Amino acid sequence: MVKFSEFSFLQKLPEDGSAATDRDVQLYASEDDLDQCLYYLRTLSNMLQWSSDGMWAALAQHSISTDSSHLSLHKISKLYSIIAGLYLTCAAGRDGEITLLEFFLHVCLRAIAGNYDSGNSDLEPRVSQFHRTALTALHQILLSPYSLPLAKLELEHILIDRLFQSLGGYDSFIQVLLLDVVFDALKIRNAIRPTAPPLSPTAEVKRPMTQETSQNSRLSVATERREGFLNIPPPPPSLVKCLQAGFAAPSSRPTLDSWVSFMTECLPFYSDTIFQILIPLVETFCSQIASTFSDLQKTFKDSVPVGEGSTAPESTLISLLNGLEHILASGHDRLLLDELKSPVTKSPELPQGFFGNMVSGVFSSETPQARSATANNRLTVLLSFQDAVRICFLIWSWGGNDGTFQDTESAASFNYTSLRMRNRARRLLEHLFAAEALECLETVVEIWQKSSKSPDDMRSPIVFNLLHVLDGSRPKHTIPAIFNAIYSRTNPTALEPSRKSTLTSSLNDTDLVVFLVEYTRSLEDDTMDEIWADCMAFLKDLLANPFPHRQTLPSLLEFAGILGEKVDNTNFGEQRRMRRELGVRKRRL
């Protein structure tokens, strides 16, 4: 304590009311004895690393005076924060005293607050090592068994601001250490708050959208919280802005996995406000994925070498896709939990059939109702899913003819890289379709519809290739989903609420029926065994109430004809009865 109080550069603070945009709060000079202070910080860090419970107790219980009579200690123990863009300082502790543990915490905060002059490059390695050691010691203090009283200092605000500053630095490893201490501060911030009672053991547990976890994840509050953190206040708003800046900053590329892991572990803190941060983070991920994917394409197209010290686009792209998957999974899991708690509006009893009796509800009118909070949250999640489907389809469609433009030396590298990126995009698409098949399918149909420049042009068959390789979009899942999408636009009252589309896409019933015809034509003949019963039930219900489909009847007649052609090429079921059944319905159409 005495040694640290002798270093004048640890006692400098920004003046009250100075602009917070001036990042040079303190610039270390060559005459500052950083090496000596670094030695004491290392000694402190080593002592804390192997401290017994008795030593931690001594640090937490023994106090020192930090009033104005002890000027050096008084200056070191002062806290500063940014309010309305201005620096404001305040005295720490109570009654002019603080514990030894808190004093050493302030020393570490003082050490990481300074920086070096960009014109004095000789100081860069010294300051970098100085910051690393101080952050290591700070991490140990925040993980100590007596760290809970430090929550009153609200360190998360200071540390998040310092994390912002690190994005403009040269040492990317500093970002990793800052992410650790920010998470520590957030964790002790919520550790002293009351928790909610556990869920009933009879409550239904929904399967999460993905079960993948990051390999280098920190100690997760998600494994400890269950539903205990449901009523905690969210982290500061600056954290989301910091995450967006971190995912977009070039300096964070070498440590992007740590940023993704940090975001994943912080998501439980947003249990009640996850939908407010979902769209901003998804937009950031999608824009960065698109930019990185464009750079990757240029690498093979223009033979642009990767710069020295930069991160390869493929590893960056994988990390960004991992982050996108985690934020979507958290949002969707929370949505399922909210829908489980909300009352379910049941439809009237409908006769047996694919959709029930389509005549029921023909003359009933839909009264406008206020959209519930859960419905708004569902819309937020689905809009995010749509953005993810579009960017994943863009990546999945890469390759093929693009490989013909490669020379012999780079062809193998291109094939490997494109296959790796396509497989990762496909895996994310699998999870999206498993979670929300109908909405994802409508997004894919919209992509297919816009793939032609004019209505007379042939649309891209790549969409069909994608649907054929996804397990979640097998014909037995896709055909019923198309039927649901059609009836959501022609006769939505005939569908149960869980089968209705939210109509967030710009498709109409004609677009969907045209897609149905082309998709059915692209199927293998053997798939008729999977979809025959659903198709016959659809045609039967359609004939019971054909009026809403009057604009699409010609295309539906073509759809029935394609079914007949494919059935003729197979030998499943009772062929004579199936042909007779299809023939009757085709004549009625």
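**Salt bridges in the predicted model**

A search of the whole structure returns 20 salt bridges, a salt bridge being a side-chain nitrogen of Lys or Arg within 4 Å of a carboxyl oxygen of Asp or Glu. Side chains of opposite charge can pair when their charged atoms come close. The model is a predicted one, in which local features need pLDDT of at least 70 and side-chain atom pairs count only at pLDDT 80 or more, while totals for chains, interfaces and linings use all residues. Residues are numbered from 1 along each chain as its sequence is written, and side-chain values use heavy atoms, with hydrogens and water left out.

The protein has 589 residues, and 49% of them count as buried. Here buried means under 20% relative accessible area, exposed over 50%, and partly exposed in between, with a 1.4 Å probe and protein chains only. The accessible surface comes to about 28600 Å², and carbon and sulfur atoms contribute 52% of this area; the areas come from the Shrake-Rupley method with a 1.4 Å probe. Among contacts (heavy atoms within 4.5 Å) with a separation of 6 or more, 82% link residues 24 or more positions apart.

One of the salt bridges joins the side chains of Asp272 and Arg334, with an N to O distance of 3.1 Å. Asp272 sits in the loop between helix 11 (256–266) and helix 12 (274–301), and Arg334 belongs to helix 13 (residues 313–341), so this pair ties together parts that are 62 residues apart in sequence. Asp272 is partly exposed at 39% relative accessible area, whereas Arg334 is buried at 13%.

Within it, Lys450 pairs with Glu446 at 3.7 Å between the closest N and O atoms. Lys450 is exposed at 59% relative accessibility, while Glu446 is buried at 7%.

How values were computed:
Helices (H or I, at least four residues) and strands (E, at least two) are DSSP runs, numbered from the N terminus.
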